[in-house]
Amino acid sequence: MNSHNKKTEHYFTKPGVANIGLTKEDIKTSFLEKLFYSLGRIPVVATKNDFYTSLALTVRDRVFRKYVKSLEQYAEEDARGVAYLSAEYLPGPHLGNNLLNLEIVEETREALAEFNLDLDELLKEEVEPGLGNGGLGRLASCYMDSLATLGIPSIAYGIRYEFGIFKQEIQDGWQVESTDKWLQKGNTWEIVRPEISFEVKFGGHTEHSRDGNYKLHIEWIPDSEIKGTAYDTPILGYQSNSITLRLWKAEATESFDFAAYNLGEYYRAVEKKMRSENITKVLYPNDENLSGKELRLKQQYFFVCCSLQDIIRLHLLQGRKLETLHEKFTIQLNDTHPSIAVAELMRLLLDVHQMGWEEAWKVTKSTFAYTNHTLLPEALEKWPVNLLRNLLPRHLELIYEINSRFITEIREHDFTGEQISRMSLIDDRGEPTIRMAHLATVGSYKVNGVSALHSGLLKEEVLKDFAQLWPEKFTNVTNGITHRRFLAVSNPRLAGLISEKIGKEWLTNLDKLKGLESFANDEYFRRKWMEVKLENKKNLAAQIKELTGIEINPEMLIDVQVKRIHEYKRQHLKVLHILSLYMQIKKDGQKDIPPTAFIFAGKAAPGYFMAKRIIKLITAVGDFINNDPEVNETLKVIFLPNFSVKLAQHVYPGADLSEQISMAGKEASGTGNMKFALNGALTVGTLDGANVEIREEVGEENFFLFGLTTEEVAERKKAGYHPYKIYSENEKLKRVVDFLLSEELTKGNTELFRSIYDNLLNQDPYLLLQDYQSYVDQMENVYEIWQDSQKWAQMSIINVANMGKFSSDRSIKDYCEKIWKVKAVKA
Ligand code: CR1
């Protein structure tokens, strides 16, 4: 095992070796063994969590068996591989997914039943790792699933936050945050690798000197050092392969002086230890808005530094030279969060491994590829030069050098002075800052956006000059989702119906869903389809009751908007629509509005004033409407607290209508849109992000479109946008907006929503009032079709039948072909 040049022995393919069975009897035996020997428990006193843990350990053994086999295979083939660098992951609960991938769901259910235990009850026990904010983190986890399933040699690196995304509670209608103690009951799925650990330096200064041969040596003398230790979670793909998710935890270095001679010294050492561990304490809860926090930069550098040292270790372990790093590895930067990697790899190659600049730069820019996930200006990371000087002095020097060589290069092209200063890695128009997106772009061989529209805008706007300089560097990979978790695991009823009709091949080839399309005209099948949906809606209604105490009739149209709360996503546009229905019932005496439950969920960044106020608005409208007997048979408004992957898995299957209503040009892709459609919800949406491609796939007649296009938004703003004019000219809109200040809604606290009201009438940067009428009109159309349930079922089936493109398997194949040039290793 020590010599890595030797051909690997097939330990785990030898008959009889570690042959862990997958039958019901095998599972029963292991389950009891785990309960007795790993937990020291007997059934009469065991808690639900003990049973969950015994089951998780039972499944874990089987996962590990497949995992080591995969590792053997990757090592043997010695193929080119991918390292995925992401500051966020949202894997969701592991147990259910691993059962599916091992294909032992039924065996396990039966085994447990013999102990009078219910699998679904035990699945509920799992606490998920909330190591991300939203779409970006969940996307990374969908990609892990597909990388594993497709057998792509890969390793995913990130941060093992001790506290993940905060837990959200609703108190008096407001969001209240508390810490997410996801590790409190232990984590069955990970193993610590104390021997895989690296030192990470911070602060201090650099010293430049020349040796006898006049060669320049640069030494970074830090003022502190910490250690990162690897925690590995095997990510099992469907049926065969797996990959590693390696998360780094910060610890104090061994060199800490615990042999202190007096008490003061001892406490200082303890404090130092605690300070070191702070780095991976908590996830920053800001989605698409980064406020230049020093600790955040420390986190980014910390995990990048550990990951790159690990990649270099793995490369050298195979007896290879660093000059060929880019031939064996490609490193994907998931947004700019890990983009300091460009400078760090240069540092490692130049200062630690004594490579020359030209060679090091060639290796660096042939190794990295960068995915951009947002065009929002407030989300584009810029780190103050002064902060870098204090924290990473050597990296600042390197960035200056990279920049100066880059500027020299572009001066040879026809760029204007203005363009050159626009492209510079350093923005010196105020306090000097480093533009991390520029560093990532200059240091990568490919740059991609996450939907066709977004990749286009990236080239036309944010990185326009770079696209002119290096057109071949830019490409698109439209996001995708794992249909195994988001259909097979979370919606077994629909998955079962689909498999009954077209077989199970869709699990590994989502394009097979196309086979459903011809049944869209089959009345019997449509009925079955709607029966499944109704069962799922009952399940969702039960969840809603449990979480909020509110009862809804499962026959209602279930209209859902779940995602982070953000003004550009326009949850408040949905609220305006709900209020318009309320007015129609109360003021216009309209009686024929189909009963609808409006479901919202999502977290607001703790410091985002408007987003938190939007939550309060939703809950206030809910309070008001749900308690008015004149309307509450027709309308229900619900805010589900603490949205998570686990909760999401209940929500998507039960939705009839998916709200994807961002202002065009703002949502880079969206992935919830895909999850809803895959579960048979119809979409009401704008031409934004991946909505455009969803509509293309399902056909425009099967998609409820409204609102301005990206170009129209730009024209509208250029021509001068006056929301007040729209408001004053639309009587029905006016009464809805005015209602925000009403005594009734605000219970006398009429200033409560003044900020939202003023914002809409004076600026309305996301054009809610502009798109309002078009939205309300399209919703009428939604209602008309909803009343024709045969038609609705037909559209729903057609939607699902055309979701093939949105499998993350397709996205990963695109990355492999367009960017990574990596091939699958066959299991
Ligand atoms: C985008 O807002 C996209 C995900 C994943 C988000 C969303 O539209 O689906 O990324 N961006 O690509 C983000 O989190 C920091 O930027």
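1. Two residues are in contact if their C-beta atoms, placed from the backbone, lie within 7 Å. Axes are lines fitted to C-alpha atoms, for helices over the stretch in contact, and angles run from 0 to 180 degrees between N-to-C directions. Helices (H or I, at least four residues) and strands (E, at least two) are DSSP runs, numbered from the N terminus. With those terms, helix α6 (residues 135-150) lies across β1 (81-85), β2 (154-159), β8 (224-236), β9 (242-252) and β10 (329-334). To β9, α6 runs at about 135°.

2. On the source: this is a predicted model, in which local features need pLDDT of at least 70, side-chain atom pairs count only at pLDDT 80 or more, and totals for chains, interfaces and linings use all residues. Residues are numbered from 1 along each chain as its sequence is written.

3. Domains. The protein is divided into domain 1 (1-77 + 94-127), domain 2 (79-91 + 129-380 + 813-820) and domain 3 (519-710 + 768-801). The bounds come from an automatic or database domain assignment. Taken over C-alpha atoms, the centres of domain 1 and domain 2 are 29 Å apart. Their contact takes 19 residues from domain 1 and 18 residues from domain 2. On the domain 1 side, α2 (48-77) and α3 (95-102) are the elements that give two or more residues. The most come from α2, with 12 residues. By class, this side has seven nonpolar, eight polar and four charged residues. Here Ala, Val, Leu, Ile, Met, Phe, Trp, Tyr, Cys and Pro count as nonpolar, Asp, Glu, Lys and Arg as charged, and the others, Gly among them, as polar.

4. Ligand. The shell around the ligand holds 17 residues, each with its C-beta atom, placed from the backbone, within 6 Å. The closest are Gly135, Leu136, His373, Thr374 and Ser669. Domain 2 and domain 3 each supply at least three residues of the shell. The shell divides into five nonpolar, eight polar and four charged residues.

5. Mixed sheet. Nine strands form an open sheet with mixed pairing, in the order β5-β8-β9-β2-β1-β10-β11-β15-β16. Strands pair if DSSP finds at least two bridges between them. β5 (191-202) and β16 (474-476) stand at the edges with a single partner strand each, so one side of each has no neighbour in the sheet. From one strand to the next, the twist averages 25°. Within the sheet, β11 (residues 368-371) and β15 (residues 444-449) pair in the parallel sense over four bridges. Phe368 stands opposite Ser444 in β15.

6. Parallel sheet. Six strands form an open sheet with parallel pairing, ordered β19-β18-β17-β20-β21-β22. Its edge strands, β19 (635-640) and β22 (704-705), pair on one side only. β17 (residues 557-562) and β20 (residues 657-660) pair in the parallel sense over two bridges. Ser658 in β20 is the bridge partner of Val560.

7. Helix α20 (residues 523-548) packs on helix α32 (residues 789-801) at an angle of about 85°, with axes 9 Å apart. That makes the two roughly perpendicular, a label for angles of 65 to 115 degrees. From α20, the contact uses Glu523, Arg526, Trp529 and Met530. From α32 come Ser789, Gln790, Ala793, Gln794, Ser796 and Ile797. These residues divide into four nonpolar, four polar and two charged.

8. Helices α10 (residues 341-352) and α13 (residues 393-411) cross at roughly 100°, their axes coming within 9 Å. They are therefore also roughly perpendicular to each other. Ala343, Glu344, Met346 and Arg347 in α10 meet Arg394, His395, Leu398 and Ile399 in α13. The classes are four nonpolar, one polar and three charged.

Technical notes
Parallel < 35°, antiparallel > 145°, perpendicular 65-115°, else oblique.
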